[in-house]
Amino acid sequence: VSSANNKTVDDDYPHYIGSWFSLPNRIDRIRELLTEKEKYGIKDFQRMQADQLSVFARKLTPVYLEALSGEYDGIEAEAIQLLQEWDYQMDKDLAVPLIYEQMFIQMIYAMYEDELGSDNFEQIIGNKIIALYHITKTFETGTSAWLDDVNTSDKFETLGDNIRTAFTATIDTLTNKMGADINTWKWGDVHTITIEHPMGGVDLVAKLFDPNLGPYRVGGSFHTIAPYSYPLSSGKFEANHGASQRHVYSTANWNNSKTVIPTGTSGIPASPYYGNQTDLYMNFKYYDDPFTKAEVEKRAKYEAVFR
């Protein structure tokens, strides 16, 4: 049994259960990992929750490369070589995930901005699920009315034309942002997450107590099992969404269960239990989660008495 916010029924299912679902990128990867062997243990599921291989990138990148088969030199040729050699891991210390993510954003601009204009385009770039659905379908079929650039009257642009436009914009954008040496580009240098305390936005509190946690460099993206999603409209890659908790429950022995949350059990920055799980979470580590009453009492450090 598995789920990743994906559509769980076929298109011919007769009853309405919703309109917008996550594309099957994450669930497809989960199902791949669930077919690797017959039996799974705690470490297998910990590895699964940390997985950052992108099925989405594995679908789109070959189409990108086919369109980019012409003559390129310099940093553009280097970027293409990285895409060619990529194993689709969204590792925070690699340049190629950054190139891929910027390419997807530039594809949205190339396909929609000319038809919609700046005001209406914000509706697309601000709601990535619309662009995700349509761009995925366009890559499957190779055709879409949105591929045409309405500013050119002498031709109807193809998917390849849009990919080449997006690629040029990608390299220009990243060169301006990251410098001209592609070897210094790192996905995690711009793809970060900060866990903000509710009071962290108050200048005085921030200066005196620094209650925010981070920023932390992270890999993955919205299309990997370990999700770190960011708003496409921000022009940045700062993640604002991820797994709110990770658990692995052992039905063979419930006391062997593992768990972790991004922060800690206290919201008070002065507490030793504020942010004491964050490093564990960021490094895909866990702590024991005893289940039975006897084991909980055995490991208890404190006891609260209510009268």
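**Helix geometry in a predicted model**

User: At which residue does α5 bend, and by how much?
Analyst: The model is predicted. Helix α5 kinks at Gly 117. The bend there is about 125 degrees.

User: What does helix α5 span between its end C-alpha atoms?
Analyst: Helix α5 covers residues 96-125. A straight helix of 30 residues would span 44 Å at 1.5 Å a residue. Between its end C-alpha atoms, α5 spans only 22 Å.

User: How many residues of each class are in the contact of α3 with α6?
Analyst: From α3 come Phe 56, Leu 60, Val 63 and Tyr 64. Leu 132, Thr 136 and Phe 139 of α6 meet them. By class, that is 6 nonpolar, 1 polar and no charged residues.

User: Is α1 roughly parallel or roughly antiparallel to α2?
Analyst: The axes of α1 (residues 25-34) and α2 (residues 42-49) come within 11 Å. Their crossing angle is roughly 155 degrees. Angles over 145 count as roughly antiparallel. So α1 is, relative to α2, roughly antiparallel.

User: How many charged residues are in the contact of α1 with α2?
Analyst: Helix α1 contributes Ile 30, Leu 33 and Leu 34. Helix α2 contributes Phe 45, Arg 47 and Met 48. The contact has 5 nonpolar residues and no polar ones; the charged count is 1.

Technical notes. Residues numbered from 1 in each chain as written. Predicted model: local features only at pLDDT ≥ 70, side-chain atom pairs only at ≥ 80, totals over all residues. Heavy atoms only, no water. Helix = DSSP H or I, 4+ residues; strand = E, 2+ residues; numbered from the N terminus. Expected span 1.5 Å × (residues − 1). Bend = angle between axes of the 7 residues up to and from the residue. Contact = heavy atoms within 4.5 Å. Nonpolar A, V, L, I, M, F, W, Y, C, P; charged D, E, K, R; others polar. Axes fitted to C-alpha atoms, helices over the stretch in contact; angles between N-to-C directions. Parallel < 35°, antiparallel > 145°, perpendicular 65-115°, else oblique.
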